[in-house]
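User: I have just opened this one and would like a guided look. Could you walk me through some of it?
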Amino acid sequence: MRLRRDRRSVLLRSVYETADASVTEFVSAYDLASSQDVPAAEARKIIAYLEEKGYLLVDDHRAGVVRITASGIDAVEMGTM
């Protein structure tokens with residue numbers, strides 16, 4: 001459980017950093033997860049969770065293209081995720 005929570009936090013922070021904290025920049029969450037050695041099945045679960053929480057908006061589920069939301073930026077910057 002701790003590993004999954006850590007992976008969620010790391011992936012959200014990676015999206016934040018890659019998008020330069022912009023709600024208009026789209027990034028490949030699958031590529032970011034892969035670079036952190038997160039298995040594809042786990043990455044899908046993490047992305048779905050972050051989307052459900054309102055931290056990410058998924059543009060393309062198959063390709064894992066996402067953008068961070070204002071709530072996601074706040075969570076990263078306030079350290080609540």
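This is a predicted model: local features need pLDDT of at least 70, side-chain atom pairs count only at pLDDT 80 or more; totals for chains, interfaces and linings use all residues.

User: OK, what span should helix H3 have, and what does it have?
Analyst: Helix H3 takes in residues 40–52, and because each residue counts for 1.5 Å, its 13 residues should span 18 Å, which agrees with the 18 Å between its end C-alpha atoms.

User: Which residues of H3 are buried?
Analyst: Glu42, Ala43, Ile46, Ile47 and Leu50 are the buried ones in H3. They cover an arc of only 135° around the axis, so they lie on the same side of H3.

User: Why would residues with such spacing point the same way?
Analyst: An α-helix has 3.6 residues a turn, so residues three or four places apart point the same way.

User: What covers that buried side, and what is on the face turned away?
Analyst: The cover over the buried residues of H3 includes helix H1 (2–18), helix H2 (29–35), strand S2 (56–60) and S3, while the face turned away from the buried side carries Lys45 and Glu52, which are exposed.

User: And what comes just after H3?
Analyst: Just after H3 there is glycine 54, which takes a positive phi of about 90°.

User: Switching to threonine 69, where is it, and is it buried or exposed?
Analyst: Threonine 69 sits in the loop between strand S3 (65–68) and helix H4 (70–78), and with a relative accessible area of 11% it counts as buried, because the cut-off for that is under 20%.

User: What does it touch?
Analyst: Leaving aside residues up to four places away in sequence, threonine 69 touches Val23, Gly54, Tyr55, Leu56 and Leu57.

User: Now H4: how does it pack with H1?
Analyst: H1 and H4 pack at an angle of about 110°, and their axes are 10 Å apart. Angles of 65 to 115 degrees count as roughly perpendicular, so H1 is roughly perpendicular to H4. In that contact, Leu12, Arg13 and Tyr16 of H1 meet Gly72, Ile73, Ala75, Val76 and Glu77 of H4, and by class the contact has five nonpolar, one polar and two charged residues.

User: Which residues of H4 are buried, and which are exposed on the face turned away?
Analyst: Gly72, Ile73, Ala75 and Val76 are buried in H4. Their arc around the axis is only 160°, which puts them on the same side of H4. The face turned away from that buried side carries the exposed residues Glu77 and Met78, and what covers the buried residues includes H1 and S3.

Notes: Residues are numbered from 1 along each chain as its sequence is written. Side-chain values use heavy atoms; hydrogens and water are left out. Helices (H or I, at least four residues) and strands (E, at least two) are DSSP runs, numbered from the N terminus. Buried means under 20% relative accessible area, exposed over 50%, partly exposed in between (1.4 Å probe, protein chains only). Contact means heavy atoms within 4.5 Å. The expected span of a helix is 1.5 Å times one less than its number of residues. The arc is that of the directions from the helix axis to the C-beta atoms. Axes are lines fitted to C-alpha atoms, for helices over the stretch in contact, and angles run from 0 to 180 degrees between N-to-C directions. Angles under 35 degrees count as roughly parallel, over 145 as roughly antiparallel, 65 to 115 as roughly perpendicular and the rest as oblique. Ala, Val, Leu, Ile, Met, Phe, Trp, Tyr, Cys and Pro count as nonpolar, Asp, Glu, Lys and Arg as charged, and the others, Gly among them, as polar.
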